[in-house]
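User: Hi, I have a protein model open and I'm new to this. Can we walk through it together?

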Amino acid sequence: MADSKNVGVVNARGLNITRSDDRRYWRWVKETETSDDVAELLNLSQGTQYEVVLVAKMKTRAYGWDAPVNFKLTHADTTNHGTINLEDMFKDSKDQWKDIKLGEFLASANQGNIEFWLYKFGGKWKSGLVIKSVAVRPKS
């Protein structure tokens, strides 16, 4: 029996990936398991410190965010994890885009995958978080 919970998915072609049309940085390939187009990052600048940022906003009528949510970021040998209280973060800035830092890593010869999660198991139903993008950018 199918689960009745709502799920939202945006495939890679639906994301706004900077320089995704530049073959020096990205390549589009078909995922063999799903036949979906996926974007493969070819190069990060070795020795550069990068940060991973979720760009999001909280709608004025959002609810269920009073308890912190968990985040996790992994890249090669680096793991960042912790909690974020999104209600506090957006307290005075509802309906405004905000950068939410999920972590950082140093690009090395061992590039590997970049994986990130924002999750909360159990608790209250949640509504009103709007995600615009995820940015992997050199730390300024």
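User: Which domains is the chain divided into?
Analyst: Domain 1 covers 13-43, and domain 2 covers 45-138. Keep in mind that this is a predicted model.

User: What separates their centres?
Analyst: The centres of domain 1 and domain 2 are 21 Å apart, taken over C-alpha atoms.

User: Okay, strands now. What order do they take in the open sheet?
Analyst: The order is β5-β4-β7. The sheet has 3 strands, and the pairing is antiparallel.

User: Which ones are the edge strands?
Analyst: Those are β5 (78-84) and β7 (114-119). Each of them pairs on one side only. From one strand to the next, the twist averages 10°.

User: How many bridges join β4 to β7?
Analyst: There are 6 bridges between them. Strand β4 spans residues 69-75 and runs antiparallel to β7.

User: And which residue in β7 is the bridge partner of His-75?
Analyst: Ile-114 is the partner there.

User: New topic: rings. How many aromatic pairs does the structure hold?
Analyst: It holds 2 aromatic pairs. One of them is Tyr-50 with Phe-105, with ring centres 5.7 Å apart.

User: Why is that pair stacked?
Analyst: The planes of Tyr-50 and Phe-105 are at 20°. Planes under 30 degrees apart count as stacked, so this pair is stacked.

User: Where do the two residues lie?
Analyst: Tyr-50 is in strand β3 (residues 49-63), and Phe-105 is in strand β6 (residues 98-106). The pair therefore ties together parts that are 55 residues apart in sequence.

User: Is Tyr-50 buried or exposed?
Analyst: Tyr-50 counts as buried, at 7% relative accessibility. Phe-105 counts as buried too, at 1%. The cut-off for buried is under 20%.

User: What about Tyr-119 and Phe-121, how far apart are the centres of their rings?
Analyst: Their ring centres are 5.3 Å apart. The planes are at 45°, so this pair is tilted.

User: Are those two buried or exposed?
Analyst: Tyr-119 counts as partly exposed, with 29% relative accessibility. Phe-121 counts as exposed, at 70%.

User: Last one. Which residue lies over the face of Trp-97?
Analyst: That is Lys-132, at 5.2 Å from the ring centre.

User: And over the face of Phe-90?
Analyst: Lys-98 lies there, at 5.8 Å from the ring centre.

Definitions and conventions
Residues are numbered from 1 along each chain as its sequence is written. This is a predicted model: local features need pLDDT of at least 70, side-chain atom pairs count only at pLDDT 80 or more; totals for chains, interfaces and linings use all residues. Side-chain values use heavy atoms; hydrogens and water are left out. Domain bounds come from an automatic or database domain assignment. Two strands pair if DSSP finds at least two bridges between them. Helices (H or I, at least four residues) and strands (E, at least two) are DSSP runs, numbered from the N terminus. Axes are lines fitted to C-alpha atoms, for helices over the stretch in contact, and angles run from 0 to 180 degrees between N-to-C directions. Rings of Phe, Tyr and Trp (its six-membered ring) pair if their centres lie within 6.5 Å; planes under 30 degrees apart count as stacked, over 60 as edge-to-face and the rest as tilted. Buried means under 20% relative accessible area, exposed over 50%, partly exposed in between (1.4 Å probe, protein chains only). A charge sits over a ring if NZ of Lys or CZ of Arg is within 6 Å of the ring centre and within 35 degrees of the ring normal.
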